[in-house]
Amino acid sequence: MKDYNDELRTKDLESINLTVVRICNLEIDRNFSGVCESIDLTVRRLSLSQLR
C-alpha cells in the first residue's frame with residue numbers, strides 16, 4: 001500500500017513539473033553528507049537543464 005501511495009504522490013507532483021527524489025531514512029542516517037551532496041548535484045543538474 002505504501003508503495004502505491006508513494007507512486008500516486010509522485011505522479012501528482014510530477015504532473016505539476018516537480019521532481020521527486022526519494023532517499024531512504026537509513027541512507028540519511030548513515031551518509032548524511034553524501035545525501036546532501038546528491039541532492040545538491042540533482043538540483044544543479046535540473047537547474048542547468050532548464051536553462052537550455
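This is a predicted model: local features need pLDDT of at least 70, side-chain atom pairs count only at pLDDT 80 or more; totals for chains, interfaces and linings use all residues.
## The largest pocket

The largest pocket holds about 150 Å³ of space. Its lining consists of K2, D6, V21, R22, I23, C24, N25 and L26. Sorted by class, these lining residues comprise 4 nonpolar, 1 polar and 3 charged residues.

Two helices contribute to the lining: α1, spanning 2–15, and α2, spanning 25–30, each provide at least two of its residues. One of the lining residues, D6, also takes part in a salt bridge, with R9.

## Salt bridges in helix α1

The structure has 3 salt bridges. One of them joins R9 to D6, with 2.3 Å between the closest N and O atoms. Both residues belong to helix α1, and because they are 3 residues apart there, about one helical turn separates them. The two partners fall into separate accessibility classes. D6 has a relative accessibility of 14% and therefore counts as buried, since the cut-off for that class is under 20%. R9, at 44%, counts as partly exposed.

A further salt bridge links the side chains of K11 and E7, at 3.5 Å from N to O. K11 and E7 are 4 residues apart in helix α1, so they too are separated by about one helical turn. With a relative accessibility of 43%, E7 counts as partly exposed.

D40, with a relative accessible area of 34%, is partly exposed.

## Pocket and salt bridges together

D6 connects the two topics: this buried residue is part of the lining of the largest pocket and pairs with R9 in a salt bridge. The pocket lining also includes K2 and R22. In helix α1, the R9 and D6 pair has a spacing of 3 residues, while the K11 and E7 pair has a spacing of 4 residues.

Definitions and conventions
Residues are numbered from 1 along each chain as its sequence is written. Side-chain values use heavy atoms; hydrogens and water are left out. On a 1 Å grid over the protein atoms alone, a cavity is a set of points where a 1.4 Å probe fits but cannot get out, and a pocket is an open set with protein on both sides within 12 Å along at least five of seven lines; lining residues have an atom within 4 Å of a point. Grid points are joined across faces, edges and corners, and a volume is the space filled by probe spheres set on the points. Ala, Val, Leu, Ile, Met, Phe, Trp, Tyr, Cys and Pro count as nonpolar, Asp, Glu, Lys and Arg as charged, and the others, Gly among them, as polar. A salt bridge is a side-chain nitrogen of Lys or Arg within 4 Å of a carboxyl oxygen of Asp or Glu. Buried means under 20% relative accessible area, exposed over 50%, partly exposed in between (1.4 Å probe, protein chains only).
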